[in-house]
Amino acid sequence: MIWAFAFFLISAGLFFGCDTREKTYTNPLINKYLADPFILYESDYYYLFATGRAEDERFIPIYRSADLVKWEFVRGAVSRGAQTDWNYKNFWAPELRKFNEKYYLYYTASPGTTENNTGNRVGLAISENIEGPYDNFGVIVTHASIDGHVFTGRNKDMFIFYTIEHGNHDGLQAGNIYADKLLNPTKTEGKPVPILTHHRWQEGPFILYRDKTYYLTYSCGAWTNATYHVRYATSDSLLGPYKEHPDTLLKSNVMVKGPGHHALFTDLKGKDWIVYHGWDTAFTARYPRIDRLYVSDGILRSDGPTTGPQLIKRKAMN
């Protein structure tokens, strides 16, 4: 009798427009090797872009989800260029921005003719549809660089943050984070300034602005092992100087190794999240993961890396 009454209450709530159900997600989000994930909400879906080759033999795989729980493959965003083109190999660290009803996909790639990763450059592809396909535009940062992140300031000025790659011939130190002004979404001013040089290597910069504070989040350590982790620094100015906080935002635990190369996003209810990759304990693949992010009194905190079911509250009214 009690069970029947409970069922009646739930059913009545759904009938009259009140959805009392709750959903959970469990990391990893997608059971595939998808490193350097980025998530953006657009047109009723959360879209996830990631490093590497897609199952349709294109590159930068795109997935979408209506609820952050169930994900479906859309397509690979870009096609490979010729061996001497800027985008023949690597296809790393995608980030998407929307300007004037077009979608700008910033990512790192390299010609096939350069030694190791010295040919890496941050470049761009553009589409009128978030699901692509994306047309190659070309290189944005002309010197050795990886991990482009575009941020629009309060006065609408745009900047691109990135990490200097090995093989830079402009006197810039590999492993340091720099920023350059964007004259428009496709062209830098060409006057890079150092932003963060605290560590031997720091990469994957991402900016969050809250309560008159700029939070610069980034990864340190070796991406190949458990030393990889996410840190953050704060400033009252976009271009710094930044003061690093002693606490890590993400670090390895018993079940997840080397969590890092993240992005930040906000869900439909205004809640902050961090999306990142993490190795399994056998180091067979880097899987995409999300966890809540909390911002309070100049401090960032995350629930991650989590491995058990995590609650996503649904809207109270349809």
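**Strand pairing and burial in a predicted model**

Tyr41 has Tyr46 in β3 as its bridge partner. The model is predicted: local features need pLDDT of at least 70, side-chain atom pairs count only at pLDDT 80 or more, and totals for chains, interfaces and linings use all residues. Residues are numbered from 1 along each chain as its sequence is written, and side-chain values use heavy atoms, with hydrogens and water left out.

Strands β2 (residues 38-42) and β3 run antiparallel and are joined by 5 bridges. Pairing here requires at least two bridges found by DSSP between two strands. Strands are DSSP runs of E with at least two residues, helices are runs of H or I with at least four, and both are numbered from the N terminus. The β2-β3 hairpin has 2 residues between its strands. Within this hairpin, Ser43 takes a positive phi near 55 degrees. Buried means under 20% relative accessible area, exposed means over 50%, and partly exposed lies in between (1.4 Å probe, protein chains only). β3 also pairs with strand β4 (residues 59-65), in the antiparallel sense, over 4 bridges. There, Tyr47 has Arg64 of β4 as its bridge partner.

Pro94 belongs to strand β6 (residues 89-99). Its relative accessible area is 4%, so Pro94 is buried. Contacts are defined by heavy atoms within 4.5 Å. Leaving aside neighbours within four places in sequence, the contacts of Pro94 include Phe38, Phe49, Ile60 and Tyr106. Asp36, Ala50, Thr51, Leu105 and Tyr107 are also among them. Pro61 lies 33 residues from Pro94 along the chain, and their C-alpha atoms are separated by 9.6 Å.

A further sheet is open and has 4 strands, in the order β15-β16-β17-β18, with antiparallel pairing. Its edge strands are β15 (202-210) and β18 (243-244), each of which pairs on one side only. β15 pairs with β16 over 7 bridges in the antiparallel sense. Tyr209 has Tyr214 in β16 as its bridge partner. The hairpin of β15 and β16 has 2 residues between the strands, and Asp211 takes a positive phi near 50 degrees.

Strand β16 (residues 213-220) has 8 of its 8 residues buried, so it is largely enclosed by the rest of the structure. Both of its faces are covered. Thr213, Tyr215, Thr217 and Ser219 are buried on one side. Tyr214, Leu216, Tyr218 and Cys220 are buried on the other. β16 and β17 pair over 7 bridges, again antiparallel. Leu216 has Ala233 in β17 as its bridge partner. Strand β17 (residues 229-235) pairs with β18 in the antiparallel sense over 2 bridges. Here Thr234 stands opposite Lys243 of β18.

Overall, the protein chain contains 1 helix and 23 strands. Its radius of gyration is 20 Å, close to the 20 Å that the globule rule gives for 318 residues, so the chain is as compact as a globular protein of that length. The radius is taken over C-alpha atoms, and the rule is 2.2 Å times the number of residues to the power 0.38. Along its principal axes, the C-alpha trace spans about 75 × 45 × 45 Å. Buried residues make up 52% of the 318 residues. Among contacts between residues at least 6 apart in sequence, 48% join residues at least 24 apart.
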